[in-house]
Amino acid sequence: MSELFNRVKKGVRAMKDSFGPCTYRASGIQVVCPHCRNEEFEAGEAQLNTATATFLNLDWLNKSATVLICTHCGYIQWFGKTVEKVQRS
């Protein structure tokens with residue numbers, strides 16, 4: 001029973017960590033905040049709107065970007081390509 005409890009606890013911790021701030025790599029390079037040198041970010045997505053698609057009410061056709069928000073100072077970095085979340089050990 002104790003082993004089961006430990007595994008459940010470990011799974012809950014891993015799930016919690018996957019939703020919180022993390023470190024990331026872009027093109028194999030560690031992402032660091034250029035303002036405060038912090039290495040932990042909250043991730044999100046933002047749509048790259050174009051005037052034509054918006055005018056035609058076709059915003060859903062626009063590409064999106066990954067945004068990383070520094071957990072220390074709030075600086076936002078935009079990435080047009082996929083960023084890789086670095087797994088914590």
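How many bridges join β1 to strand β6, and in which sense do the two run? I began my notes here. I found three bridges between β1 and β6 (residues 84–86), and the two strands run antiparallel. I note that this is a predicted model.

**Entry: the sheet around β1**

I looked up the residue pairs next. Tyr 24 stands opposite Lys 85 in β6. I then checked β2 (residues 29–30), which pairs with β1 in the antiparallel sense over two bridges. Ala 26 has Ile 29 of β2 as its bridge partner. I also looked at the hairpin that β1 and β2 make: two residues lie between the strands, and Ser 27 takes a positive phi near 55°.

I wrote down the strand order as β2-β1-β6, an open sheet of three strands with antiparallel pairing. Its edge strands are β2 and β6, since each pairs on one side only.

I moved on to β4, which covers residues 64–70. Are the residues of β4 mostly buried or exposed? I counted five of the seven as buried, and I noted the strand as mostly covered.

On one pairing, β3 (residues 41–47) meets β4 in the antiparallel sense over seven bridges. Gln 47 has Ser 64 in β4 as its bridge partner. On another, β4 and β5 pair over four bridges, again in the antiparallel sense. Here I looked up Thr 66, whose bridge partner in β5 is Phe 79. I found that β4 and β5 form a hairpin with five residues between them. Gly 74 in that turn has a positive phi of about 90°.

**Entry: Thr 66**

I stayed with Thr 66, which has its place in β4. Why does Thr 66 count as buried? Its relative accessible area is 17%, and buried means under 20%, so Thr 66 falls in that class. Leaving aside neighbours within four places in sequence, I listed its contacts as Gly 44, Gln 77, Trp 78, Phe 79, Lys 81 and Val 83.

Trp 78 lies in strand β5 (residues 76–79). Its relative accessibility is 53%, and exposed means over 50%, which is why Trp 78 counts as exposed. I found Trp 78 in a nonpolar surface patch together with Leu 48, Ile 69 and Ile 76. The area of this patch is about 370 Å².

**Entry: the nonpolar core**

Last, I looked up the largest nonpolar core, which has ten residues. They are Cys 22, Tyr 24, Ala 26, Val 31, Cys 33, Phe 41, Leu 68, Cys 70, Phe 79 and Val 83. β1 (23–26) and β4 each supply at least two residues of this core.

Apart from neighbours within four places in sequence, Cys 70 is in contact with Cys 33, Cys 36, Asn 38, Glu 40, Phe 41 and Tyr 75. Of these, Cys 33 and Phe 41 also belong to the core.

Key
Residues are numbered from 1 along each chain as its sequence is written. This is a predicted model: local features need pLDDT of at least 70, side-chain atom pairs count only at pLDDT 80 or more; totals for chains, interfaces and linings use all residues. Side-chain values use heavy atoms; hydrogens and water are left out. Patches are made of residues with over 30% relative accessible area and no salt bridge: like charges are joined within 9 Å, nonpolar side chains (Val, Leu, Ile, Met, Phe, Trp, Tyr) within 5 Å. Accessible areas come from the Shrake-Rupley method with a 1.4 Å probe; for residues, only the protein chains shown count as cover. A salt bridge is a side-chain nitrogen of Lys or Arg within 4 Å of a carboxyl oxygen of Asp or Glu. Buried means under 20% relative accessible area, exposed over 50%, partly exposed in between (1.4 Å probe, protein chains only). Two strands pair if DSSP finds at least two bridges between them. A nonpolar core is a set of buried Ala, Val, Leu, Ile, Met, Phe, Trp, Tyr and Cys residues joined through side-chain atoms within 4.5 Å. Contact means heavy atoms within 4.5 Å.
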